[in-house]
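Please open the model in a viewer and keep the selection tool at hand.

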Amino acid sequence: MNRKASLWISMLWALAAIAPVPVPAQGTSEKPNIVLILADDMGFSDLGSFGSEINTPNLDKLAHEGLRITQFYNSGRCCPSRAALLTGLYPHQAGVGDMVQDKGTPAYQGYLSKNSATIGQLLKTAGYNTIVSGKWHVGLVPSAWAVNRGFEQSFTMQNNGSSYFNSEPLYNDGRTVTFQLNGREIQRYDTSRYLTQAITDFAIQSIDRMKDQPNPFFLYLAYNAPHWPIQALPEDIARYKGKYLQGWDALREARYRKLVDLGIIQKEWKLSPRYEKATEWNVLSAAEKDQWDTRMAIYAAMIDRMDQCVGQVLDKLKSIGRDRNTLVIFVSDNGGSGDTVREWSYVTEKNGEPGSVNSIDSYDPPWGNASNTPFKLFKKNAHEGGIASPFIAWFPGRVKANALSAQVSHITDIMPTLLELAGIRYPEIFGNEKLTPLAGSSLTPLFQNPQATQSKTIFWEHEGSRAVRKADWKLVAEINQPWELYDLKTDRSENHNLAGHYPQKVKELEKEYLEWAAKVGVVDWNTIK
């Protein structure tokens with residue numbers, strides 16, 4: 001380990017050790033600890049318990065001992081989903097309708113709105129110790145930093161992506177990768193500490209520091225994996241090299257069959273066609289197949305390592321006797337990505353050993369299409385491939401084991417769920433600012449009664465991609481494209497567009513979408529600079 005690496009690690013833990021800890025509050029001992037885990041750019045079918053061949057035993061254990069919601073939705077991309085998760089509001093209401101650049105309107109200002117409060121801020125009012133470790137990405141201005149938004153202990157990456165081995169910029173346009181430790185800007189020099197492991201280590205150390213306190217804790221564990229650049233530890237890559245030589249078509253079919261067998265999807269939902277720009281596997285040369293196999297092996301290795309790190313956190317909870325009174329929730333911020341970073345002129349070109357610090361690459365649309373089995377399209381899209389997320393909730397004695405729920409749910413439902421468990425009423429005023437009312441509803445009725453259902457309407461808009469789901473009907477369109485209509489009860493894979501058959505239903509849902517869009521401040525993306 002080099003001298004800069006040693007200094008960085010020493011600084012990380014020394015500064016974290018002096019983070020302020022609140023005085024224990026009365027009556028907090030029975031409140032549950034909460035661990036909220038967010039994956040980045042991971043597809044619907046990338047966990048073993050959601051159809052994958054990737055080895056994810058720790059998350060699968062949580063799934064088999066807990067609840068899986070099979071129709072859970074995110075907000076389609078990194079920043080919007082994080083804003084919705086943290087505030088319980090639609091992204092536009094939280095000020096993050098797009099990314100972290102200010103587009104000139106309150107809905108697209110690029111940082112958390114003053115009329116929102118985070119889970120961390122509200123849980124602190126009930127005596128919770130609060131920790132965040134990982135990708136933050138909900139604003140670069142100080143008012144939006146984790147340290148100013150309710151998190152006492154924080155190790156955060158402010159940007160959208162980073163090398164997994166150092167803090168060298170990924171871009172040629174002057175943007176840098178910014179990390180913060182309790183509000184202080186730091187640099188990750190240490191190339192021996194893989195980023196997923198560094199995020200985990202900070203979380204475990206933070207938990208360890210508060211293990212003897214009566215107060216409950218909230219840990220927001222926001223992994224950057226498996227977001228590009230696809231980089232992984234050699235020993236993890238080796239476990240998957242060669243396993244994807246059968247190609248993306250065979251992988252999608254295998255995952256589809258497993259999803260049906262697991263009861264995650266219905267057999268009536270047929271597998272969507274292969275992505276139109278993906279080459280037929282059998283026409284590729286042996287060298288091309290090997291290159292594609294390597295890309296997917298690296299991506300799988302990143303998820304494998306994330307699962308190993310989740311296991312480390314679970315082991316820590318057990319070792320300090322906090323595992324039986326802890327709720328763990330796992331979701332992904334959007335579907336698998338269709339990004340092709342090698343084609344982006346503003347991304348630094350690195351063509352070294354695949355998966356290493358000297359390579360900047362993505363796994364590309366053909367494999368992203370497989371990650372989102374059985375759905376179509378990707379992150380940034382409002383079709384199911386972009387917005388469907390695996391959801392796992394584990395809470396011994398409080399969440400029914402090995403349960404599946406088909407309740408239509410959204411990432412804005414997590415805030416009210418956690419507030420209910422903590423015994424907190426969402427306030428009208430917080431910090432002298434009037435709060436926007438919550439968009440979601442609590443998921444706690446599903447914890448013991450997973451078959452319970454209620455009608456729900458959910459909306460999406462991101463860079464012109466838009467949708468509304470009301471009960472089983474979904475109206476969806478990509479930017480500058482006409483509306484498509486699907487009956488998700490029989491066709492969640494969105495294979496049969498019914499817009500021409502039910503024009504009145506299209507008009508009805510479009511009216512509801514436009515009313516919502518006006519309410520939250522959606523702007524025509526073609527007019528935004």
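Helices (H or I, at least four residues) and strands (E, at least two) are DSSP runs, numbered from the N terminus. The model is predicted: local features need pLDDT of at least 70, side-chain atom pairs count only at pLDDT 80 or more, and totals for chains, interfaces and linings use all residues. Residues are numbered from 1 along each chain as its sequence is written, and side-chain values use heavy atoms, with hydrogens and water left out.

Select Lys511 and Glu515 in helix H13 (residues 503–520), where they lie 4 residues apart, about one turn of the helix. Their side chains meet in a salt bridge at 2.7 Å, N to O; the term denotes a side-chain nitrogen of Lys or Arg within 4 Å of a carboxyl oxygen of Asp or Glu. Lys511 is exposed at 52% relative accessibility, and Glu515 is partly exposed at 46%. Here buried means under 20% relative accessible area, exposed over 50%, and partly exposed in between (1.4 Å probe, protein chains only).

Next, select Arg255 and Glu53, whose side chains form a salt bridge (3.0 Å, N to O). This pair links distant parts of the chain, 202 residues apart: Arg255 is in helix H7 (residues 248–262), and Glu53 is in the loop between strand E1 (33–39) and helix H2 (57–64). Arg255 is buried at 1%, whereas Glu53 is partly exposed at 35%.

Then move to Lys316 and Asp208, a salt bridge with its closest N and O atoms 3.0 Å apart. Lys316 belongs to helix H8 (residues 286–319) and Asp208 to helix H5 (residues 195–209), so the bridge ties together parts 108 residues apart in sequence. Lys316 is buried at 17%; Asp208 is partly exposed at 27%.

Finally, display every salt bridge: the structure holds 31.
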